[in-house]
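Work through the exercises below with the sequence and the 3D structure open. Try each task before reading its solution.

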Amino acid sequence: MLEESVRRRFIDLLGPQGFRDDEQTRVSYGYDATPMYLSRPIGVVFPESTSQVSEIMKICSEHRIPVVTRGAGSNLCAGTVPGQGELVMVMTRMNRLLELDRENLTATVQPGLNTKAFHEEVEKLGLFYPPDPSSMVICTLGGNIALGSGGRGLKYGTTKDYVLGLEAVLPNGDVIRTGGKLVKDVAGYDLTRLLVGSGGTLAVITEATLKLVPKPPFRLAMVAVYGDLYGAARSVSSIIAARIIPCTLEFMDQATIRVVEDFAKVGLPADAAAILAIEQDGEEEQVRRDLNLIAQICRNEGALEVRVAERPEDGEKIMAARRSALAALSRLRPTTILEDATVPRSKIADMVMAIQRIARKHGVQICTFGHAGDGNLHPTALADARNPEEMQRVEHAFEDIFEEAIRLGGTITGEHGVGVVKAPYLEWKAGAAGVELMKRIKQAFDPLDILNPGKMFAETRKRVVIQR
């Protein structure tokens, strides 16, 4: 527990509601969405301003108190689970949309702003923020930025392409500003890009300037239904090879389809081996032309049926159903473990088939869905953590999946981050020299190793970490 003098400093700074160390609060903030990682922080702080974050970090630096920053806790790699003796800093009270600049097409936001709420606000003005993580109903922009999370990467790019500038607090309490509203800026190292995707290990993001684009005037969705997995996966490569770039291109295998349909009831064909959910946006004439060409490509690759959702609300239901996949699958078994192996789009078919082979090899139930247009697949294992032998098979299956993704020119994570779960595999992707360089960057930002320690470079492969 914290020393009483330190505890009093936090209360004086934040007020009695801004610092909590009662048992209920400590338990509530001792886990995130990653299965089987549990801990209890020594306390939880709820800052409301950059100056408070700065003072918190100064106190923590002075007393060598490790800090884990979190938003809504939707992380899937144990990246926001505290270790022993660590403080949790919850950013959800810093949740304001500070500015919408229609002249420069930018928005300035605090990190605790809900992603879906932000989308809705900018779209009221005819503007558009493309990144749309599946957890957007609950997740925060700060979390998205810290992990580089978000879909629609195929057509619009990823989260890092929309972060123009940041305000951030370093581990010693210093406040820095990177980038800004500028379209071009090569004054020194690109610290903005370095912080995006750093998983909260380098600095605490307190403000972000985000790029907006004009909202597309028309959007249309369709579903292509397949009798085999390979045809669906191959269609992704064929669509891109035809130089058609949909704004959304999502994949679901049969097991996922059945569970999602039972959960969302939007009319998905439960007997299909796989489906592609596809959206295009832009001028209406071009959208319809693109979808006609995509439909023909899908049929050429073996699609049994192609359905176009003529009403916008029907298209939104399809995409909402896809975003519900994790929640739907979680109903089947006690433990649901979702990963995000990513490969070049041309290797999607190979990766999908490899996941199926690996699941059979280890006797593990794995359902696969994901942002196929980004090459970002989400193999999801359904298991029971009370069965250690089954969990060992799950671990071995994911090891094989990560190894296969790298063999195909891919990576171990496209948007979930490294955290604790992927740390043992980071060297597979980055190499020993690459990991050593990353460690030196961490040392430069955080010489005391107090900001989200034990993440990114952790050694353990255990999926259960319980501290009482």
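**Exercise 1.** Find which residues Ser61 touches, not counting residues up to four places away in sequence.

*Solution.* Step 1: apply the contact rule, heavy atoms within 4.5 Å. Step 2: list the partners, which are Pro171, Asn172, Leu448 and Ile450. Step 4: classify Ser61. Its relative accessible area is 14%, so Ser61 is buried (buried is under 20%, exposed over 50%, partly exposed in between, with a 1.4 Å probe and protein chains only).

The model is predicted: local features need pLDDT of at least 70, side-chain atom pairs count only at pLDDT 80 or more, and totals for chains, interfaces and linings use all residues. Residues are numbered from 1 along each chain as its sequence is written, and side-chain values use heavy atoms, leaving out hydrogens and water.

**Exercise 2.** Compare the end-to-end reach of helix 3 with the expected span.

*Solution.* Step 1: the expected span is 1.5 Å times one less than the number of residues. Step 2: helix 3 covers residues 50-63, 14 residues, for which 20 Å is expected. Step 3: from first C-alpha to last it reaches 20 Å, close to that value. Step 4: look past the end, where Arg64 has a positive phi of about 60 degrees.

**Exercise 3.** Do the same for helix 13, then find what its buried residues pack against.

*Solution.* Step 1: helix 13 (residues 348-362) has 15 residues and should span 21 Å; the end C-alpha atoms are 21 Å apart, which agrees. Step 2: pick out the buried residues, among them Ile348, Met351, Ile355 and His362. Step 3: these buried residues pack against helix 8 (229-241), strand 13, strand 17 (365-371), strand 18 (376-383) and helix 14 (388-407). Step 4: Gly363 follows helix 13 and has a positive phi, near 65 degrees.

**Exercise 4.** Decide where the model calls for caution.

*Solution.* Step 1: pLDDT is the predictor's confidence in each residue, from 0 to 100. Step 2: the mean pLDDT of the protein is 92, and 98% of its residues reach 70 or more. Step 3: over residues 461-468 the pLDDT is below 50, and this stretch has 26 contacts in the model beyond near neighbours in sequence. Step 4: where pLDDT is low, the predicted coordinates should not be read in detail.

Terms used: Helix = DSSP H or I, 4+ residues; strand = E, 2+ residues; numbered from the N terminus.
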